[in-house]
Amino acid sequence: MILKREILLKAVVTERLQAELIQSVEEAIQRVEDQQSELDRQSRRLMLELQRTDMNRAMAFRQQLEVEKRKQEDVKSALQEQLKEYRELQLGEEFARGTIEGQVEVQVGDNIQEKLGRAEILTKDDIIQELRDPAVGDD
């Protein structure tokens with residue numbers, strides 16, 4: 001019988017990986033800042049129009065705008081924290097990049113914990129360096 005399980009993708013931190021991680025987060029922060037600027041620009045125009053026509057709608061819009069601004073600030077803060085973590089990575093350490101779904105074959109008599117134990121794929125600059133699989137017993 002074939003069962004599904006998670007496989008952890010890990011990478012050895014290299015200068016290249018660290019630079020890629022930092023760049024991706026810096027770009028995400030820039031996108032959030034661009035969205036914030038666009039939201040501010042559009043909301044000012046709409047707010048002026050609403051204040052002239054319907055103060056109740058203007059107040060409701062202002063509240064909705066504040067909620068959206070808080071959400072964007074939360075996203076930006078989380079990205080800044082991630083950026084800080086990436087900058088503090090040490091060269092040569094293993095870094096979890098995510099998980100993928102894999103399969104494992106099980107048979108009567110197998111230890112289910114060993115078979116479903118988290119397998120890992122270790123890469124260095126996108127080249128597989130090691131396969132760690134408790135189901136195979138190569139660890």
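Here are a few questions and answers on the cavity and nonpolar cores of this predicted model.

Local features need pLDDT of at least 70 and side-chain atom pairs count only at pLDDT 80 or more, while totals for chains, interfaces and linings use all residues. Residues are numbered from 1 along each chain as its sequence is written, and side-chain values use heavy atoms, with hydrogens and water left out.

Me: Which element gives the largest share of the lining of the largest cavity?
Reply: A cavity here is a set of points on a 1 Å grid over the protein atoms alone where a 1.4 Å probe fits but cannot get out, and lining residues have an atom within 4 Å of a point. The lining includes R16, L17, E20 and R97. β1 (2–12), α1 (15–53) and β3 (119–124) each give two or more residues, with helices (H or I, at least four residues) and strands (E, at least two) taken as DSSP runs. The largest share, three residues, is from α1.

Me: How many residues does the largest nonpolar core have?
Reply: Such a core joins buried (under 20% relative accessible area, 1.4 Å probe, protein chains only) Ala, Val, Leu, Ile, Met, Phe, Trp, Tyr and Cys residues through side-chain atoms within 4.5 Å. L21, V25, L79, Y86, L89 and F95 have the most contacts inside the core, whose residues number 14.

Me: Which element supplies the largest share of this core?
Reply: Both α1 and α2 (55–87) put in at least two residues. The largest share, seven residues, belongs to α1.

Definitions and conventions
On a 1 Å grid over the protein atoms alone, a cavity is a set of points where a 1.4 Å probe fits but cannot get out, and a pocket is an open set with protein on both sides within 12 Å along at least five of seven lines; lining residues have an atom within 4 Å of a point. Buried means under 20% relative accessible area, exposed over 50%, partly exposed in between (1.4 Å probe, protein chains only).
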